[in-house]
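Please walk through this structure with the model open beside the text.

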Amino acid sequence: ATITQSYQERASLPNTSPVASYLLRLIATKQTNLCVSADVSTTRELLQLAEEVGDSICMLKTHADIINDFGPRTIQGLKEIAAKKHFLIFEDRKFGDIGSTVQKQFTAGPLQIVRWANIINAHIFPGPAIITALSQAAHKPPLLRSLLILAEMSSAGNLMTGSYTEQCVVEARKNPEFVMGFIAQRSLNEQPGDNFVTMTPGVQIGATGDGLGQQYNTPEQVIIEAGTDIIIVGRGVYGAQDKRAKAEEYRVRAWKAYEERIGP
Ligand code: 5IU
């Protein structure tokens, strides 16, 4: 059902995590279901990209561990731009260890992810305690944080299929307060009452792959045919000469696709 419901309607359904509600309202207000993946290597490039694409996105996805000079200046800059331009920050850390270790990786070290990322993601191959461990760490001190479970990947030959993906959905349903949805290639909202947010990487216009296993679909394929909610675009945007214009082009394509999907 969520496939044909509007973002606005879904924001107030029961069983929706607080961060998901906030995000769905933000998407509806800004009219953008685009997340840009900022896979750049310096703080300067990261903040400049955030400024340039900020008006066109609902979320910026980071890989803090590929920023050469990541530090307090990066964190402060990111937070300021996110507040000014109204988007959420998603650190694509892909946690995948025992509960005790992921708590430390989430809160400590040079990155201190919990301090600045509204959204994080995790694999469930270590077992469901990874969800409770991250949730605990996010809630002392109480911070509004949410988790995306990695249910499917875009890369060729990946092993996240079938019963593994199904198990991701089972664990998500048990934790609707903290788990806002999935990274997946299609909507996994299959049961009445499911209102998970699906974010899909592997989106580019005019390319089918990158020679390193990445597989691309168009915004229309993922939003209309696969029923997902947010497209994640990296090189398609930051690889362009005019990043602002390119982000706007992806925003318009993905938004039109969503409008077509929900119908009049
Ligand atoms: N990413 C994927 N596929 C996945 C997952 C994450 O591409 O299944 I999970 C990340 C990797 C990169 C971004 O940071 O999303 C996609 O970048 P490009 O649009 O440049 O391929």
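Gln-31 sits in the loop between helix 2 and strand 1; helices (H or I, at least four residues) and strands (E, at least two) are DSSP runs, numbered from the N terminus. Residue numbers start from 1 along each chain as its sequence is written. The model is predicted, with local features needing pLDDT of at least 70 and side-chain atom pairs counting only at pLDDT 80 or more, while totals for chains, interfaces and linings use all residues.

Gln-31 is not a glycine, yet has a positive phi of about 50 degrees. Most residues other than glycine have a negative phi. Gln-31 counts as partly exposed because 14 other C-beta atoms lie within 10 Å. The classes are as follows: a residue is buried if 20 or more other C-beta atoms lie within 10 Å of its own, exposed if 12 or fewer, and partly exposed in between, with C-beta atoms placed from the backbone. Asn-15, also not a glycine, has a positive phi of about 70 degrees. Asn-15 belongs to the loop between helix 1 (7-11) and helix 2 (18-30), and is exposed because it has 12 other C-beta atoms within 10 Å.

Next comes the sheet. Strand 1 (residues 34-38) pairs with strand 8 in the parallel sense over three bridges, where pairing requires that DSSP finds at least two bridges between two strands. In this pair, Cys-35 stands opposite Ile-232 in strand 8. Strand 7 (residues 197-200) also runs parallel to strand 8, joined to it by two bridges, and Met-199 is opposite Ile-230 in strand 8.

In a regular strand the side chains alternate between the two faces of the sheet. Strand 8 is covered on both faces: Ile-230 and Ile-232 on one side, and Ile-231 and Val-233 on the other, are all buried.

The largest nonpolar core has 75 residues; such a core is a set of buried Ala, Val, Leu, Ile, Met, Phe, Trp, Tyr and Cys residues joined through C-beta atoms within 7 Å. Cys-35, Leu-134, Ile-149 and Ile-231 have the most contacts inside this core. Helix 6 (residues 129-138) gives the most to it, with six residues. Leaving aside neighbours within four places in sequence, Leu-134 is in contact (C-beta atoms, placed from the backbone, within 7 Å) with residues including Phe-95, Phe-106 and Leu-147.

Which residues come nearest to the ligand? Of the 18 around it, they are Met-153, Ser-154, Pro-201, Gly-234 and Arg-235; a residue is counted if its C-beta atom, placed from the backbone, lies within 6 Å of the molecule. Strand 8 and helix 9 are the elements that give two or more residues to this shell.

Ser-154 lies in the loop between strand 5 (146-150) and helix 7 (162-174). Ser-154 counts as buried because it has 20 C-beta neighbours inside 10 Å. Beyond four places in sequence, Ser-154 touches Gln-185, Pro-201, Gly-202, Gln-214 and Gln-215.

Gly-234 is in the loop between strand 8 (230-233) and helix 9 (235-238). With 22 C-beta neighbours inside 10 Å, Gly-234 is therefore buried. Not counting residues up to four places away in sequence, Gly-234 touches Ser-37 and Asp-39.

The UniProt annotation "binding site", from an unreviewed entry, covers Asp-39, Lys-61, Ser-154, Gln-214, Gly-234 and Arg-235. UniProt positions are given in the numbering used here, feature names are shortened, and annotations may be inferred rather than shown by experiment.

Key
Two residues are in contact if their C-beta atoms, placed from the backbone, lie within 7 Å.
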